[in-house]
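Please keep the sequence and the structure in view while reading.

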Amino acid sequence: MSPRANVSAARKAQILDAAAAVFARKGFYQASMDDIVVEAGLSKGALYWYFKSKDQIITAILDRLFAPELAGLQALVTADGSARERLLQFAAMSAREMKHMLRVAPLTYEFYALAFRDKNVRKALRRYLRAYHAHLTPLVEQGIAHGEFRADDAAQVAMTLVAVGEGTLLVWIFDPKSFDLERQIVAGMTHVLDGVSVAAKKQKR
């Protein structure tokens with residue numbers, strides 16, 4: 001990687017760190033690009049060189065938040081083990097990553113709340129949900145191909161897994177003391193996989 005690319009990556013990280021601090025302090029709507037300029041200690045020209053608008057910055061922060069989880073899920077698609085084992089690994093990994101994200105970046109709560117009011121945030125979150133679905137679907141297809149799951153619609157099963165994960169997360173955000181997030185997400189996805197499992201169906205006969 002060239003020195004220029006290193007500088008560019010470092011500068012973007014500097015801006016995103018500053019923006020996150022400003023958003024957490026002032027809120028998304030009250031924060032301005034000028035506030036981010038001051039927080040980052042850069043010129044306005046430098047800021048606009050990397051990000052043309054506050055919406056672009058919000059999208060970039062979301063990119064940074066969700067990238068590790070998506071990378072982990074993508075790796076599971078080609079990892080060893082049964083499809084069921086890898087899907088449950090994803091469930092546990094996803095819950096741990098989200099809990100860590102919420103601890104180190106409380107701003108994440110605001111992203112979910114803002115998604116109901118801001119079309120750009122909603123669009124960004126929708127892109128990640130679709131990415132999760134796109135990575136989960138091949139895992140379910142592998143399970144069907146190897147005889148683990150009944151020949152249901154793989155995309156539909158994958159969407160149900162996404163819904164279980166995101167729905168459980170939202171309930172936990174509202175009432176985090178009511179249950180353990182990781183345990184509940186794994187349990188929810190286990191129930192879904194049991195529903196399409198060939199082995200589980202044979203046991204019921």
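## The nonpolar core

A nonpolar core is a set of buried Ala, Val, Leu, Ile, Met, Phe, Trp, Tyr and Cys residues joined through side-chain atoms within 4.5 Å. Buried means under 20% relative accessible area, exposed over 50% and partly exposed in between, with a 1.4 Å probe and protein chains only. In this predicted model, local features need pLDDT of at least 70 and side-chain atom pairs count only at pLDDT 80 or more, while totals for chains, interfaces and linings use all residues. Residues are numbered from 1 along each chain as its sequence is written, and side-chain values use heavy atoms, with hydrogens and water left out.

The largest nonpolar core holds 67 residues, and Phe23, Ile36, Ile57, Leu62, Phe66 and Phe111 have the most contacts inside it. Helix α4 gives the most to this core, with 11 residues.

## The chain as a whole

The protein chain contains 10 helices and zero strands; helices (H or I, at least four residues) and strands (E, at least two) are DSSP runs, numbered from the N terminus. Of its 205 residues, 42% count as buried. The C-alpha trace spans about 70 × 45 × 25 Å along its principal axes.

A contact means heavy atoms within 4.5 Å. Among contacts between residues at least 6 apart in sequence, 68% join residues at least 24 apart.

## Aromatic pairs

Rings of Phe, Tyr and Trp (its six-membered ring) pair if their centres lie within 6.5 Å; planes under 30 degrees apart count as stacked, over 60 as edge-to-face and the rest as tilted. By this rule there are four aromatic pairs. The ring centres of phenylalanine 23 and phenylalanine 28 are 4.9 Å apart and their planes stand at 45°, so this pair is tilted. Both phenylalanine 23 and phenylalanine 28 are buried.

Phenylalanine 66 and tyrosine 128 form a stacked pair, with 4.8 Å from centre to centre and 20° between the planes. Because phenylalanine 66 lies in helix α4 (residues 54-77) and tyrosine 128 in helix α7 (residues 119-145), the pair ties together parts that are 62 residues apart in sequence. Both phenylalanine 66 and tyrosine 128 are buried. Ring pairs link Phe66, Phe90, Tyr128 and Tyr132 into a cluster.
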